[in-house]
Amino acid sequence: MKLILTAPVPKLGEPGDIVVVKDGYGRNYLLPHRLAIRWTRGAETQIGQIKRARDAKEIKTREQAEEVRGQLEDFKVQIPVQAGDTGRLFGAVTPADIVLAVKRAGGPALDKRSIEIDKPIKTIGTHSVGVKLHEAVKGHVAVETVAK
């Protein structure tokens, strides 16, 4: 099956790449999770748009990644959450919540897939969250959860 990737897939490719995969993998995983679209001549024209969007968001060099890591190390982001009397959250903080909080605080634009949470954030307090900026560069951002 010939597909066009719309999101990064480990060990397969980046958005905009045309890949050939087994029918079951494409039909049962890539297409339902919206990681790819079927290849057609019309869809091939969308590759340029996908690649331009990827280039706009992507950190291209290690130096850029080091610069963004320096910005993140100084950040302490507060996320207001609903919590019980004991300090446990009603749910968990997601990578999308962290990206939104960094953006609102005036930080660099991040991709939610680059956020690496070791264990779910389910308590009030300060937590350190990893951010994969480049293959060789990983930063950390301090996330403080506060009760609403």
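**Figure 1. Secondary structure and overall extent of the predicted protein chain.** The protein chain of this predicted model contains 5 helices and 9 strands, where helices (H or I, at least four residues) and strands (E, at least two) are DSSP runs numbered from the N terminus. Of the contacts in the protein chain with a separation of 6 or more, 52% are made by residues 24 or more positions apart, a contact being heavy atoms within 4.5 Å. Residues are numbered from 1 along each chain as its sequence is written, and side-chain values use heavy atoms, with hydrogens and water left out. Because the model is predicted, local features need pLDDT of at least 70 and side-chain atom pairs count only at pLDDT 80 or more, whereas totals for chains, interfaces and linings use all residues.

**Figure 2. Confidence along the protein chain.** The mean pLDDT (the predictor's confidence in each residue, from 0 to 100) of the protein chain is 87, and 95% of the residues score at least 70. Where pLDDT is low, predicted coordinates should not be read in detail.

Figure 3. Ser-114 is found in the loop that joins helix H5 (95–104) to strand S6 (115–116). Ser-114 counts as buried because its relative accessibility is 12%, with buried meaning under 20% relative accessible area, exposed over 50% and partly exposed in between (1.4 Å probe, protein chains only). The side chain of Ser-114 reaches the backbone oxygen of Asp-111 at 2.6 Å, a polar contact being a pair of N or O atoms within 3.5 Å in which, within protein, one must be able to donate a hydrogen and the other to accept it, while residues adjacent in sequence count only if both atoms are side-chain atoms. When neighbours within four places in sequence are left aside, Ser-114 is in contact with Gly-130, Val-131 and Lys-132.

**Figure 4. Gly-125 and His-127 in strand S8.** Gly-125 is found in strand S8 (residues 125–132), and His-127 lies in strand S8 as well. Not counting residues up to four places away in sequence, Gly-125 touches Val-143, Glu-144 and Thr-145, and His-127 touches Ile-121, Val-141, Ala-142, Val-143 and Thr-145. The side chain of His-127 also reaches the backbone oxygen of Thr-123, at 3.1 Å. Gly-125 and Thr-45 are separated by 80 residues in sequence and, C-alpha to C-alpha, by 48 Å in space.

**Figure 5. Two loop residues with positive phi.** Most residues other than glycine have a negative phi. Lys-11, in the loop between strand S1 (2–5) and strand S2 (18–20), has a positive phi near 65°, and with a relative accessible area of 90% Lys-11 is exposed. Arg-34, in the loop between H1 and strand S3 (36–38), likewise has a positive phi, near 55°, and counts as exposed at 69% relative accessibility.
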